[in-house]
Amino acid sequence: MFLINCPFCGERDQSEFSSGGEAHIVRPKQPTELSDDEWAEYLFMRKNIKGIQFERWNHVHGCRKWFNVVRDTSNDKILSVYKMGEKPPVNYK
Amino acid sequence: MPNYRIHKTEYIDETKRVSFKYDGKTYFGYEGDTLASALLANGIHLVGRSFKYHRPRGIISCGAEEPNAICQIGSKKDLTEPNVRATELELYEGLEASSQNCWPNVKFDIGGINNFISPLIPAGFYYKTFMWPKSFWKKVYEPLIRLSAGLGKSPTEPDPDIYDHKHVHYDVLVIGGGVSGIIAAKMAAKNNLKTLLVDDKKILGGSTIYQNNENIKIDDKLSSEWLKNEIQEIKKLSNLTIKTRTSIAAYHGYNFLLAKENLTDHLPEEKKKNKIRQRLWKIRAKKVVIATGSIERPLVFNNNDRPGILLSNSINKYLDYYGVTCGENIILFTNNDSAYETSISLHKKGIKNLIVDLRKSASSELIKQAESLGIKIYFNHVVTNTFGYRKINSLEIMKLSEDGNTTVGNKIRLSCDCLGMSGGWTPMVHMHTQSGGKLDFRDEDQVFLPKENSEDQISVGSCNGDFDLENIIDKTVNKINKFLEIDNQDYQDTNIICSKENDTRNIWLLPNKIPLGKTKCFIDFQNDSTAKDIKLALKEGFRSIEHVKRYTTTGMATDQGKLSNMHALGIIADTAGVKMGTLGTTTFRPPFTPLTFGTLVGRNVGKFFEVVRKTSMHEWHVENNAEFENVGQWKRPWYYPKNGENMHDAVQRESKAARDSAGILDASTLGKIDIQGSDASEFLNRVYTNAWSKLAIGKCRYGLMLNEDGMVYDDGVTTRISENHYLMTTTTGGAANVLSKLEDYLQTEWPELDVYLTSVTDHYSTASICGPNSKKILNKLFPNLDLSDENFPHMSFKEDKLENINCRIMRISFTGEQSYEINIESKYGHSLWKMCIEAGKEFNLTPYGTETMHLLRAEKGFIIVGQDTDGTMTPSDLQMDWIVSKKKFDFIGKRSLYRSDTVREDRKQLVGLLTDDPKEILEEGAQIVSDVKSKPIDMLGHVTSSYFSPNLNKSIALAVVRSGKTMKGQKLIIPMENKNINVTVSDTIFLDKENKRLNA
């Protein structure tokens, strides 16, 4: 059970959060311009990495804020936490 | 009655005699005993039958690893508990226990015949034999197997005991209160770290606490005396919490651990009452020290499972801790030094014993001591067979060949009444591996050891492979100082004398002249897997340890292979000719020892099982005989039976009344989201399929919300209260998810929008009045409100006061009737409802529940999201293209509406169905076909909603059917179990297609 350091509330138990899948998938500004394949890429395609993964989490039973998490899926260690809109830490690229 | 209690110890209070029943017979023990020690004191070894062959089995150990002495506690239907280990169960006055897995009784067990036909039931027997004919499995094979097998009986009535949960945070958690655990806890707590020390036993001290050999000393004291002093010391430390009778069940990531504390299991019945039985500790620790010790290994030889055969160290504990000897003529069979401690202890108490040692020779101080006491030692010998049915009475030994692969010379028969075996020690690495740690293999004594300790978890003591006392203490101190980044000097000058040496001769499967096929060399005692089974699995092609385990069931019993896994691995490695370290181990899964469901569930039972949400009108519904339906967490009135009506009759009456005069529905559970901000209109434009910018203030609009994949997600009516203020309603079940979804988009995709969302579902209560007389009732409630269709038309909103309390009134309809929804602050909801009922009396205002609501909307062909949709329906599939804006540049899901898949013409589409026999009501979920003769039958779709409409006097249904839009008038078939029902595809609107009733 993770301990997640919510950037707004501090360290809390995982049971207060819900996971929102891969981070930094930006909704296309002009969906109508996209081909079926391009739209499907946005809609369905997700990475499932063994290793360092960028994820969205929501402090759903807390401040209800969404934020980003860098997690190593091979050992579940959370390496970094940052707010929506902030750039991902470069050292984990 | 024989008495095997031969001397006094400080752990047994002989002034407190305790009576207990075992298999119906009364025995006596003392306070401090476990059930196992008390049975042994009474000379009872035979405690059960093995799972497969029903062989007599005796107590083998003194702890959590016990595979044989598992029993059923109590006989009450609500309090009985199966699979309790007698070796861990503390004795109390009035304890009732019985042996399991034997019928009619443990001494004469009818399943024992399996022992003689055992050549016919090899590994995988069940898989191989009971496969065919397939239909026999459920009706014949399984019930028969379950009857004669099965481990214990579960209670059949609810558990009356109280269980508790507790959340705690510590700097350091130390698991295990043996020497190394006590040292670690003391060092941590003395350095200002908030520390928790847990141990599963009644008292701290592990196996050192009863140690009494003068060759093993610390600071010139017996190690047990030294340890008692340490325990006194740590009890004074204010930073240290000590929890005994507490075992760690699971070690999860981020140092989150679950521990079970036993609070009353050791108390007599009358003292258990009204107390918490067990407490689940949910522990978060910054650092964890694992000091769980090690378990002695059995040895694998022919007939190694007879009652009277125990682990050597357990014999020692029963003797020195409980004062009980396991026999009067004992043989110890060993491959290492530790059995010599047992031997010397027995000798000192006057118990005749001798030693059979696999090693060619050995020369530690301990062995010299045994020799000087005149204890007979057979070096380089192996036990090849044992005798005695219900208890061992003799055994045979033979000399080992030079390489240890065979036996040589003549058999020597030795008589005995007890055999102790010691095959070395297995570090308890469960906690380490559960936490994600990997293992290393040490060849010299064939043990798996914790590898590369992470920064927040460490193993010390014998669970780390440090077996002799000197090593244990020195290494623990060094490792803890480093791990906790402290500099503790308490043990700097500790002087340790330990004459034991870590010298073993490990042979996993001991050699025998008898062919393996004719021996019974048990590996897993509880599940009856033998060395032969393991070899058979390998012969049949199994290679992975995980597969061999499942095929032979080795390690799959309630003891989870604590005694058996290493031997299985060793024999696989030997047979396959590979190094054991390369095989890996099976996965160590939580719980370490079984947990009761009660402990896991804690207080969340009965009415605390789940949150229940009730509207403020709930009491009225109860008083008026409503049957309730669970919708999410809400209790919603389902229907209100009158004068013994059944559901059908009540719903027919309610439905008719609503259309003939007036009906009232508690709509408070609908999700309500207050939306404010200068970009509120733009936000609604983006989340709903239709356009919102032009909605006038005071007007309402129905909206359909999609997922980004184009599938219908939720629907509801939203009202524009003022320029920048909307009130959105959602489905009852979807409210929380809709709010989360909207927040997600606002925070992550459109943070530039000035919009604020607040859930107000619980803040307002809603009474919905519909029917031709609804306007008259409203007029009585709000005499000053102009209810004319010009001033207050359908899909509009007004505010007025009811006895000075503000109400929001929406003229919206889910029934197709003229309809008003009155919203009021929740605290006035009950009063509002009663006033509505009072005002409606003269108009036969009929309260109706969700079932009638569903029926009325089905007559109008209104969808229910989640009933007529299932996450695969687009608006077009629902024949709702009218609600999808063509003009809007974008909204959630728009692009998906013209993906190649969503524009397919042969998607399942919503249609109406009319049965040829108007009295025939279809079953919801029934499959729809066009041709019952073709095979396989082509399924076209299924029925989503079905009712008998009292207003149309016929059966109506909604269904999703492939290419349904083009099928109006077509005949289809609903094949049921006994008949085929003929239906015709119709429009989805069955009643008032022109919407005349809205303004009637």
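Okay, let's start with one residue: B:Asp868 has a relative accessibility of 2%, so it counts as buried. Buried here means under 20% relative accessible area, exposed means over 50%, and partly exposed is in between, with a 1.4 Å probe and protein chains only.

Before I go on, a word about what you're looking at. This is a predicted model, where local features need pLDDT of at least 70 and side-chain atom pairs count only at pLDDT 80 or more, while totals for chains, interfaces and linings use all residues. Residues are numbered from 1 along each chain as its sequence is written, chains are lettered from A and ligands numbered from 1 in the order in which they are written, and side-chain values use heavy atoms, with hydrogens and water left out.

Back to B:Asp868. You'll find B:Asp868 in the loop between H24 and strand E45 (908–915) of chain B. Helices (H or I, at least four residues) and strands (E, at least two) are DSSP runs, numbered from the N terminus. What does the side chain of B:Asp868 join in a polar contact of 2.7 Å? That partner is the side chain of B:Thr944. A polar contact is a pair of N or O atoms within 3.5 Å; within protein, one must be able to donate a hydrogen and the other to accept it, and residues adjacent in sequence count only if both atoms are side-chain atoms. Leaving out residues up to four places away in sequence, B:Asp868 also touches others, including B:Arg857, B:Phe862, B:Leu910 and B:Val960. Touching, or contact, means heavy atoms within 4.5 Å.

Now the helix, H24 of chain B, residues 850–859. With 10 of its 10 residues buried, H24(B) is largely enclosed by the rest of the structure. Among those buried residues are B:Met853, B:Leu855 and B:Arg857. They pack against several elements of chain B, including helix H19 (647–660), strand E47 (941–949) and strand E48 (954–962). After H24(B) comes B:Gly861, with a positive phi near 75°.

Next up, rings. A pair of aromatic rings is described by the distance of the centres and the angle of the planes. Rings of Phe, Tyr and Trp (its six-membered ring) pair if their centres lie within 6.5 Å; planes under 30 degrees apart count as stacked, over 60 as edge-to-face and the rest as tilted. Over all chains, the search finds 22 aromatic pairs. Take B:Tyr53 and B:Phe522: their centres are 6.3 Å apart and their planes at 65°, so this pair is edge-to-face. For a tilted pair, look at B:Tyr745 and B:Trp750, 5.0 Å centre to centre with 35° between the planes. Both B:Tyr745 and B:Trp750 are buried. There's also a cluster, where ring pairs link B:Tyr11, B:Tyr210, B:Tyr318, B:Tyr321 and B:Tyr322.

On to charges. A salt bridge is a side-chain nitrogen of Lys or Arg within 4 Å of a carboxyl oxygen of Asp or Glu. How many does the search find over all chains? It finds 65 salt bridges. One of them joins B:Asp164 and B:Arg603, at 3.3 Å from N to O. B:Asp164 is in strand E8 and B:Arg603 in the loop between helices H17 and H18 of chain B, so the pair ties together parts 439 residues apart in sequence. B:Asp164 is buried at 14%, whereas B:Arg603 is partly exposed at 43%. Another one is B:Arg686 with B:Glu752, with the closest N and O atoms 3.6 Å apart. B:Glu752 is exposed, at 52%. And salt bridges that share partners join B:Asp164, B:Lys243, B:Glu261, B:Arg279 and B:Arg603 into one network.

Last stop, where the chains meet. Here 28 residues of chain A are in contact with 27 residues of chain B. The area buried between them is about 2400 Å², with 46% of that from carbon and sulfur atoms; buried area is the accessible area (1.4 Å probe) that two parts lose on being put together, summed over both. A:Met1, A:Arg27 and A:Arg64 supply 28% of the area that chain A buries against chain B, more than any other three residues. There are 6 salt bridges between the two chains, and A:Arg27 meets B:Asp890 in a salt bridge of 2.7 Å, N to O.
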